[in-house]
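Work through the exercises below with the sequence and the model at hand. Each task is followed by a solution in steps.

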Amino acid sequence: PKTDIVFLKVHKSASSTVMNILFRFGETHNLTFAFPDGGGNQLFYPHHFLARFVEGFSPKSPQRFNILCHHMRFLQPEVQKVVSSSAIYFSILRNPVQLMESSFAYYKGASAFSHVRSLEEFLSQPHHYYNPTSGDRHYAKNLMTFDFGFNPDGEVSAERVQLMLKAIEASFDLILISEYFDESMVLLKEVLCWDLDSVVSFPLNIRDHSTKSPLSDAAVEKIKDWNRLDWEIYTHFNRTFWERIDRDMGRERMEREVQALRERQAELARTCLQGTGSVAPKDIKDSSLRPLQHGSARILGYNLKQGLDEETECMCRRLVTPELQYSSALYKKQFPEKFP
């Protein structure tokens, strides 16, 4: 199994669920994480990543960490200072249309969104609300482009798009697609040589459907146009994702593996969860399992069954612990001297 991993956690792309998978694997195998200095949740995002943002990094004795997975704005020469040269790099993308709808709900306080009542209103004249010099502009335009380290306001020329795609392909071993999450996890398992249980998950940091708004066809086209760089990245890697499956596994084997993954997840849901799945924040009984609420989004969580034996309870709790709580617990474990 591969234990040296860089995950570029792209915003609003099922990346919290992937992070939970990495947290669990790292905890089970006693791996080290490249935590933000001071134990925060982001590596000084939205600045480009620097090695000195990592707790315990020193240029004099460059310690290598196994897993780098907290939010960052990618800058490979700096990333290479904190992980092994053999590390596997991967990321996950989401259709920019749904991504922008989600971003609008989560980051309603961002300067570009704060003066509009709806995403449609923003899209009617985005340049009126969007300021390319504001520090939080990336939440409103080409968010994936920004997270990969590029300029979200760059011109959309064929040449520039090709340079971006080539740069991403040169840096990353694998780009996953959140719309095909189960297929993505099977592919990840293959590349990392992990077993099935290492990539099972319950969806984390997901919104209640009542806060999601359907988009008109006109709005969809405006979003694609406004986020043209993201759209180019997404359509390219959605295509190469399936090419890779055809080349490395074949569709039939992929279908069998996805089926096995879903069956195992359903089995774990029956073992671990009260009811059938996620619940509204107000219905989460254990406050330590309540996810952070953000913007106008209502973030769902889970209730664990009562009376589980200790080992099962521990396994189930890991599966449903929200990102911030899990990150904080692992940080305390890795740096116990900071918590006398």
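A pocket is found on a 1 Å grid over the protein atoms alone: it is an open set of points where a 1.4 Å probe fits, with protein on both sides within 12 Å along at least five of seven lines, and its lining residues have an atom within 4 Å of a point. Grid points are joined across faces, edges and corners, and a volume is the space filled by probe spheres set on the points.

The model is predicted: local features need pLDDT of at least 70, side-chain atom pairs count only at pLDDT 80 or more, and totals for chains, interfaces and linings use all residues. Residues are numbered from 1 along each chain as its sequence is written, and side-chain values use heavy atoms, with hydrogens and water left out.

**Exercise 1.** Give the volume of the largest pocket and state which residues are closest to its centre.

Step 1. The volume is about 880 Å³.
Step 2. The lining has 41 residues, and Ser16, Tyr106, Leu204, Asn205 and Ile206 are the closest to the centre.
Step 3. Two or more lining residues come from each of α1 (15–28), α3 (96–106), α8, α12 (251–272) and α14 (323–334). Helices (H or I, at least four residues) and strands (E, at least two) are DSSP runs, numbered from the N terminus.

**Exercise 2.** Work out the strand order of the open sheet of 4 strands.

Step 1. Two strands pair if DSSP finds at least two bridges between them. The order is β2-β1-β3-β4, with parallel pairing.
Step 2. β2 (67–68) and β4 (174–177) are the edge strands, each pairing on one side only.
Step 3. β1 (residues 5–8) and β3 (residues 88–93) share 4 bridges, with Leu8 opposite Ser91.
Step 4. β3 and β4 also pair over 4 bridges; Leu93 has Ile177 as its bridge partner.

**Exercise 3.** Which way do the side chains of β4 point?

Step 1. In a regular strand the side chains alternate between the two faces of the sheet.
Step 2. Leu174 and Leu176 point one way, Ile175 and Ile177 the other, and all are buried. Buried means under 20% relative accessible area, exposed over 50%, and partly exposed in between (1.4 Å probe, protein chains only).

**Exercise 4.** Is Gln76 buried or exposed?

Step 1. Gln76 lies in helix α2 (residues 76–79).
Step 2. Its relative accessible area is 18%, so Gln76 is buried.
Step 3. Contact means heavy atoms within 4.5 Å. Not counting residues up to four places away in sequence, Gln76 touches Tyr89 and Ser171.
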